[in-house]
Amino acid sequence: MTLTLILYTSIFGFLLYSLLNHLLLRRYPKPLPPGPKPWPIIGNLPNMGQKPHQSIAAMARVYGPLMHLKMGFVHVVVAASAGVAEQFLKVHDAKFSSRPPNSGAKYLAYNYQDLVFAPYGPRWRMLRKICAVHLFSAKALDEFRHVRQNLFSAGTDTSSSTVEWAIAELLRHPEILARAQEELDLVVGKDRLVAEADLPQLTFLQAIIKEIFRLHPSTPLSLPRMASENCEINGYFIPKGSTLLVNVWAIARDPNVWADPLEFRPERFLPGGEKPNVDVRGNDFEVIPFGAGRRICAGLSLGLRMVQLMTATLIHAFDFELPNGISARELDMEEGYGLTLQRAAPLVVHPRRRLGPHVFKF
Ligand code: HEM
């Protein structure tokens with residue numbers, strides 16, 4: 001008797017949910033973007049897997065670069081190509097400049113009062129202005145240069161994980177590492193450590209860092225945005241309140257845009273390469289590790305400088321050996337998943353000094 005009751009209740013619940021869903025979806029003037037069919041109540045949560053950026057990229061290969069998902073009752077739209085990302089983050093940027101609510105931001109960030117989670121409006125504008133003028137402007141960064149110099153621990157999680165990926169890729173590509181060290185020896189010499197002022201002359205190093213940000217962006221799904229009003233993108237309806245995820249990881253590996261996208265090839269960013277003029281500062285949508293538009297990473301210039309400086313200093317000052325006779329080609333490059341894109345297995349290396357001991361005396 002009880003079992004029959006549960007069965008009938010479940011069937012009735014399912015039919016009611018499908019009917020409501022159908023009626024609600026019909027109110028839209030245009031179709032929602034295509035996407036996998038959501039389950040009742042939980043939506044597409046079971047499709048997310050252990051590494052959502054990879055699962056979402058696989059789904060986008062089936063449903064296209066503008067995709068619709070349901071996370072529970074929340075509409076989620078995903079941008080998985082440079083063109084679609086540009087629509088959201090440039091053409092319609094103003095409508096997607098708030099972030100969706102979440103408990104972490106509510107309880108840890110003083111009820112959405114910090115810069116990252118503040119709703120788009122006067123307070124966010126004021127915080128952003130303070131950062132732009134007093135903290136992260138080129139002038140402020142130059143003035144605080146001496147405070148940062150070889151201060152490795154000051155790197156944030158995003159910066160430190162990017163450097164870890166960089167060292168791992170360089171170990172797997174010894175010819176690229178040798179060329180970068182050659183450039184460093186030429187520009188910096190062997191009697192001092194790299195300084196921030198050297199960075200503009202280290203063009204090969206800069207290409208390496210761009211390639212690292214392309215293959216291993218520290219926030220693969222960027223930070224979520226939220227639609228503040230209904231809008232239409234590429235002929236599809238995006239309901240107000242939808243969460244926007246931009247799969248910067250998939251965009252930067254798009255085979256329609258990048259030749260041999262999975263290959264680590266910094267030369268592609270050098271003159272004569274396939275993308276000599278492409279940068280990571282949010283103007284070229286095929287590689288946007290710092291996001292784009294008005295809520296682009298506020299610490300972009302600092303993050304970029306820190307990653308360049310830390311990587312340059314490490315490979316200039318040290319050679320690295322892998323422990324236990326592991327060959328570089330065997331190095332596990334599996335991704336873990338967390339707040340930032342970490343290596344599944346942390347990189348363990350034995351550093352050997354390449355510069356004389358006098359260089360390390362401070
Ligand atoms: C490797 C380094 C870094 C990467 C890859 C990175 C990436 C990102 C991304 C993807 C966003 C979201 C952008 C969007 O919504 O379009 C973001 C936002 C932000 N980042 Fe970074 N970031 C890095 C380093 C830093 C550093 C060093 C700081 C400050 C010390 C910083 C401060 C911020 C802030 C305040 C925001 C929120 C901006 C806003 O909502 O207006 N980031 N970052």
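Predicted model: local features only at pLDDT ≥ 70, side-chain atom pairs only at ≥ 80, totals over all residues.
1. Two strands pair if DSSP finds at least two bridges between them. On that basis Ala-79 stands opposite Val-246 in strand 6.

2. Overall composition. The chain contains 12 helices and eight strands. Its C-alpha trace spans about 80 × 50 × 40 Å along the principal axes. Of its 362 residues, 31% count as buried. Where contacts join residues at least 6 apart in sequence, 69% of them link residues at least 24 apart.

3. Four strands form an open sheet with mixed pairing, and their order is 1-2-6-3. Strand 1 (66-71) and strand 3 are at the edges with a single partner strand each, so one side of each has no neighbour in the sheet. Helix 3 (residues 82-91) packs on this sheet and touches strand 1, strand 2 and strand 6. The direction of helix 3 makes about 135° with that of strand 6.

4. Pairing around strand 6. Strands of a sheet pair through backbone hydrogen bonds, in either a parallel or an antiparallel manner. Strand 2 (residues 74-79) runs parallel to strand 6, and four bridges join the two. Strand 3 (residues 225-226), by contrast, runs antiparallel to strand 6 and is joined to it by two bridges. Within the latter pairing, Arg-225 has Leu-244 as its bridge partner, while Met-226 stands opposite Thr-243.

5. Side chains of strand 6. In a regular strand the side chains alternate between the two faces of the sheet. Which residues of strand 6 (residues 243-246) point which way? Thr-243 and Leu-245 point one way, whereas Leu-244 and Val-246 point the other way. All of these residues are buried.

6. Helix 8 against helix 12. Two packed helices are described by the angle between their axes and the distance between the axes. Helix 8 (residues 157-172) packs against helix 12 (residues 300-317) at an angle of about 40°, and their axes are 9 Å apart. The two helices are therefore oblique to each other, and their crossing is right-handed. On the side of helix 8 the contact involves Thr-158, Ser-159, Thr-162, Val-163, Ala-166, Ile-167 and Leu-170. Helix 12 contributes Gly-303, Met-306, Val-307, Met-310, Thr-311, Leu-314 and Ile-315. By class, the contact of helix 8 with helix 12 comprises nine nonpolar, five polar and no charged residues.

7. Helix 9 against helix 12. Helix 12 also packs with helix 9 (residues 174-187), at an angle of about 95° and with the axes 9 Å apart. Helix 9 is therefore roughly perpendicular to helix 12. Leu-177, Ala-180, Gln-181 and Leu-184 of helix 9 meet Ala-312, Ile-315 and His-316 of helix 12.

8. Helix 9 against helix 10. Helix 9 and helix 10 (residues 203-215) pack at an angle of about 140°, with their axes 8 Å apart. Helix 9 is therefore oblique to helix 10. The contact is made by Ile-176, Arg-179, Ala-180 and Glu-183 from helix 9, together with Phe-204, Leu-205 and Ile-208 from helix 10. The contact of helix 9 with helix 10 has five nonpolar residues, no polar residues and two charged residues.

Key: Residues numbered from 1 in each chain as written. Buried ≥ 20, exposed ≤ 12 C-beta atoms within 10 Å, placed from the backbone. Axes fitted to C-alpha atoms, helices over the stretch in contact; angles between N-to-C directions. Parallel < 35°, antiparallel > 145°, perpendicular 65-115°, else oblique. Left-handed = near helix turned anticlockwise from the far one by under 90°. Contact = placed C-beta atoms within 7 Å. Nonpolar A, V, L, I, M, F, W, Y, C, P; charged D, E, K, R; others polar.
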